Amino acid sequence: MASNATVGQKCPSPMKATSNGLFQGDNPLDYALPLAIVQICLVVVLTRGLAFLLRPIRQPRVIAEIIGGILLGPSVLGRSKSYLQAIFPPKSLTVLDTLANIGLIFFLFLAGLEIDLKALRRTGKTALGIAVAGIGLPFALGIGSSFLLKATISKGVNASAFLVFMGVALSITAFPVLARILAELKLLTTDVGRIAMSAAAVNDVAAWILLALAVALSGSNSSPAASLWVFLSGCVFVICLSFIVPPIFKWMAYRCHEGEPVEEIYICATLAAVLAAGFVTDAIGIHAMFGAFVVGVVFPKEGPFAGALVEKVEDLVSGLFLPLYFVSSGLKTNIATIQGLQSWGLLALVIFTACFGKIVGTVVVSLSCKVPAREAFALGFLMNTKGLVELIVLNIGRDRKVLNDQTFAIMVLMALFTTFITTPVVMAVYKPARSRKVDYKHRTIERKNPDTQLRILTCFHSSRNIPSMINLLEASRGVGKREGFSVYALHLMELSERSSAILMVHKARKNGLPFWNKGRHSDSDHIVVAFEAFQQLSQVTVRSMTSISSMADMHEDICTTAERKRAAIIILPFHKHQRMDGSFETTRTDFRWVNQRVLEHAPCSIGILVDRGLGGTTHVSASNVSLSMTVLFFGGCDDREALAYGARMAEHPGISLNVIRFVVEPETIGEIARIDMQENSGLKSMSLDEEFLSKFKQKISNDDSVRYEEKAVRNATETFAAIREASRCNLVLVGRMPDGELALALMRRSECPELGPVGCLLISPDFSATASVLVVQQYHGRVSLNLASDMEEESPDKDSESS
């Protein structure tokens, strides 16, 4: 009978790695490697497709990955036995789980890198209180609900382990998922975002400690002594790692210099150490991921070494391996096991218990700390966010036979529901964007009293933009107006799908955008040093800030910041940079669309800087400034704004200004461009121009550093020649949309609508100019741009040629 039983339970034969191919009669899906490739591709396509579909309702990608895993499992597609046997046969699951867990190990190493222990020590009382309440009450309610589950659908499980697993599962807050939701909702820089991120970081660390306890209690050996040895060995491992690992990795980090590639041996040694730590914790009896997480937590965050590790590991792990973990979880989730009124009632109970514990605990503590009611409720729902850590807890519980199929399915649906409702509920409860518009007077540089305070918001994407921006700011400060000149430097960072994009979001200012993470000597640290040096040398008030948002929303951050800081002008870098041969190369097309949207929605004037090395590659000190600048004046509000800016620059002792006003010779008026113009608006603009120029000429009458001339031209060709002659300087200032017949003639040659006709002419390849160009648009209280139609009229061929 024994032999018959053995034959009846015959295990499937192990899969060979590779096939001989279809032409030799082999089915690739019967072999491990091609089957794993099909599984990975299927998972990636499905989860990315779902993420794309869920993006309009602002759901985090983890929702798409959980749903994708459930769809591929026995709940939906897995109802077809032929599908399961072909794509996810039982003999392939060992390979699938191994790949998924390797991805999980490295992902949790990256998650550990995000945890800043120094920041945790500085957690405020409110955030700490919310974290404790957000763990304590749900944990207690989880233990309470576990008694009911154990009496109904979870009979015969390890009682102590089941209690702890249920408590941990209900008390978790997913730190990375929460950060992404806050960023999507533009809440990172608010009080709510700051408190939520700090509380979630504390909650994250506490969850791992509780999970380690749960794993120690859930061993197959029912002896309490064995569980105690597992837990004590884990504690000894963490203590030893805390003393051994940091000095070694600090030595490696010290030998890695900024701007130089990190040596391969250091990367390999670190990744091997992560795997070795995973092996040790697995041998102890705790999951291998704990070792990797601890290595990430104690890893030194200073220097370029940590950044290089993240850059090399993250995309492969998050993009390919980690989605396999969600599929591995989905294959274990069978919603069909939730049958009958009792099971669905228990699902409702678990969801209610999870939400009640988190929300009520958070709201009560928040209100006791005098947090406004709306913000308190928003915090409650934000802290109720679940994610990958929740699935890890549930999968470990199921693998250790602590959770059965029905309980596992109930808990997965609970995690999915609580995370799904977070974004819409928070949007309904708390919308800081509803705040009223800031009303301020000086939204332009052109003003009746030029001695009033000038506030500039300068934006940049990388360190490449910094030297010219600082030299432009040095020129802009004028003379004798140091107290009346303020600069806000806004670093534009894209919030990508990478978790590393949120490494610094928990360091948010209470009254503005996130400030620099000065503990990390990265690219942004050099930028901070550059602006701090400029502030000390020029005695100008400079405040550095960072905007972390998606490309689609980046213009909102720029416009909102400009309005909050009452800026008179926003300086944006052009979306192309200059090559060594002088031609322009597109940095990134998305930046062009950001500039377009800012031009349409800005609450003040705007300048787009086309950089050709203004003042060189370093900051020029005030005593060494020697720049020549030219303003090309055709007429109109944008040209007046450009001239007002140039006049301020001319106050600097090291700057000479040449102003050229283009006029049409009387006998050729009407021949340059036969285009109908509104007579009244044209006359009004001309009168404003004459009044402005009259005051300007009166002001510079005794100033030798400013030269004014009027250039009479008869046609467009003469205009081009005059512009070419005038552009032999360091910086040319032009209005974006000049008025007059001359400007309309130039308009026909415009290829970049954001630069206008003159700006576009100055950067064209056949113009051979070497001066940087600042294209200025004056704020006039209403949007009258036709950028969208201009952009559509451009052909892709033209754009690629000009790049």
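By contact I mean heavy atoms within 4.5 Å. Keep that in mind for what follows; the model on the screen is a predicted one.

Leaving out residues up to four places away in sequence, M289 touches L104, I105, L108, W208, L211, I392 and I396. M289 also belongs to the largest nonpolar core, which has 148 residues. Within that core, the residues that touch the most other members are F88, F109, W208, L211, M289, F305 and I392. So which helix gives this core its largest share? That is helix α10, residues 191–217, with 16 residues. There is another core apart from this one, made of 52 residues, and L457, V598, F662 and F767 are among them.

You will find S171 in helix α8, which covers residues 159–171. Is S171 buried or exposed? S171 counts as buried because its relative accessibility is 2%, and the cut-off for buried is under 20%. Setting aside neighbours within four places in sequence, S171 is in contact with G134, I135, P138, F139, N203, K358 and K386.

Now to the surface. L213, L228, F231 and L232 form a nonpolar patch there, and together they have about 320 Å² of accessible area. Helix α11, residues 224–254, supplies the largest share of the patch, 3 residues. F231 has its place in helix α11. With 30% relative accessibility, F231 counts as partly exposed, because that term covers values between the 20% and 50% cut-offs.

That is the tour; please look at the model again for these places.

Methods: Residues numbered from 1 in each chain as written. Predicted model: local features only at pLDDT ≥ 70, side-chain atom pairs only at ≥ 80, totals over all residues. Heavy atoms only, no water. Helix = DSSP H or I, 4+ residues; strand = E, 2+ residues; numbered from the N terminus. Buried < 20%, exposed > 50% of the residue type's maximum accessible area, 1.4 Å probe, protein only. Patch = residues over 30% accessible without salt bridge, like charges linked within 9 Å, V, L, I, M, F, W, Y side chains within 5 Å. Areas by Shrake-Rupley, 256 points an atom, 1.4 Å probe, with all protein chains shown as cover. Salt bridge = Lys/Arg side-chain N within 4 Å of Asp/Glu carboxyl O. Core = buried A, V, L, I, M, F, W, Y, C linked by side-chain atoms within 4.5 Å.
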